[in-house]
Amino acid sequence: MKRALMYFLSGTVLSFLLNYFLLGSQGWKLDLYYGFSFGAAWGIAYFLDDVRFSLAKKFLISFAAMAVLVEAGILIFSLELAVPSILKFSTVFVAYYLIASFRANKSLRK
């Protein structure tokens with residue numbers, strides 16, 4: 001759990017800094033929101049990379065996280081600004097498991 005939290009925090013900070021300073025800021029609040037979705041994807045993907053979670057449970061948890069991100073984005077910003085957070089989340093989530101699939105044990109934890 002500590003490592004998942006570390007991935008979440010480092011992913012959030014790294015994404016925020018990249019968006020804010022290098023890729024053209026759309027405002028620090030929106031950049032922080034997108035950074036949060038990026039970090040959440042890494043943290044949740046790492047947390048779910050365990051044999052005790054079935055594939056169906058991994059999908060349900062990731063879809064629930066995306067729903068929370070969209071609802072928070074709609075409340076704070078608008079639907080048009082909330083949708084890119086889902087694209088970032090799902091891209092990072094899929095990339096994590098794609099990278100893991102190339103390993104013999106199919107996990108990035110070990």
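## The nonpolar core

In the largest nonpolar core, which has 20 residues, Tyr 33, Leu 69, Phe 89 and Phe 93 touch the most other members. A nonpolar core here is a set of buried Ala, Val, Leu, Ile, Met, Phe, Trp, Tyr and Cys residues joined through side-chain atoms within 4.5 Å. Buried means under 20% relative accessible area, exposed over 50%, and partly exposed in between (1.4 Å probe, protein chains only). Helices α1 (2-22), α2, α3 (55-76) and α4 each supply at least two residues of this core. The biggest giver is α2, with eight residues. Helices (H or I, at least four residues) and strands (E, at least two) are DSSP runs, numbered from the N terminus.

Before going on, please note that this is a predicted model: local features need pLDDT of at least 70, side-chain atom pairs count only at pLDDT 80 or more, and totals for chains, interfaces and linings use all residues. Residues are numbered from 1 along each chain as its sequence is written, and side-chain values use heavy atoms, with hydrogens and water left out.

## Where α2 meets α4

Helix α2 (residues 28-48) and helix α4 (residues 79-101) have axes that come within 9 Å and cross at roughly 30°. That makes α2 roughly parallel to α4. Angles under 35 degrees count as roughly parallel, over 145 as roughly antiparallel, 65 to 115 as roughly perpendicular and the rest as oblique. The axes are lines fitted to C-alpha atoms, for helices over the stretch in contact, and angles run from 0 to 180 degrees between N-to-C directions.

Among the residues making the contact are Tyr 33, Phe 38 and Trp 42 of α2, together with Phe 89, Val 92 and Tyr 96 of α4. Contact means heavy atoms within 4.5 Å. By class, the residues of this contact divide into 19 nonpolar, two polar and one charged. Ala, Val, Leu, Ile, Met, Phe, Trp, Tyr, Cys and Pro count as nonpolar, Asp, Glu, Lys and Arg as charged, and the others, Gly among them, as polar.

## Where α3 meets α4

The axes of α3 and α4 come within 8 Å and cross at roughly 155°. These two helices are therefore roughly antiparallel to each other. Their contact includes Lys 58, Ser 62 and Leu 69 of α3, and Phe 89, Phe 93 and Tyr 97 of α4. It has 11 nonpolar, four polar and one charged residues.

Phe 93 is worth a look of its own. Leaving aside residues up to four places away in sequence, Phe 93 touches Ala 41, Ile 44, Ala 45, Leu 48, Lys 58 and Ser 62.

Thr 12 is found in helix α1 and is buried, with a relative accessible area of 10%. Not counting residues up to four places away in sequence, Thr 12 touches Leu 32, Gly 35, Phe 36 and Gly 39. Thr 12 and Leu 32 are 20 residues apart in sequence, and their C-alpha atoms are 7.5 Å apart in space.

Tyr 7 is also found in helix α1, and at 31% relative accessibility it counts as partly exposed. Not counting residues up to four places away in sequence, Tyr 7 touches Gly 39, Trp 42, Gly 43 and Tyr 46. Tyr 7 and Trp 42 are 35 residues apart in sequence and 5.9 Å apart in space, C-alpha to C-alpha.
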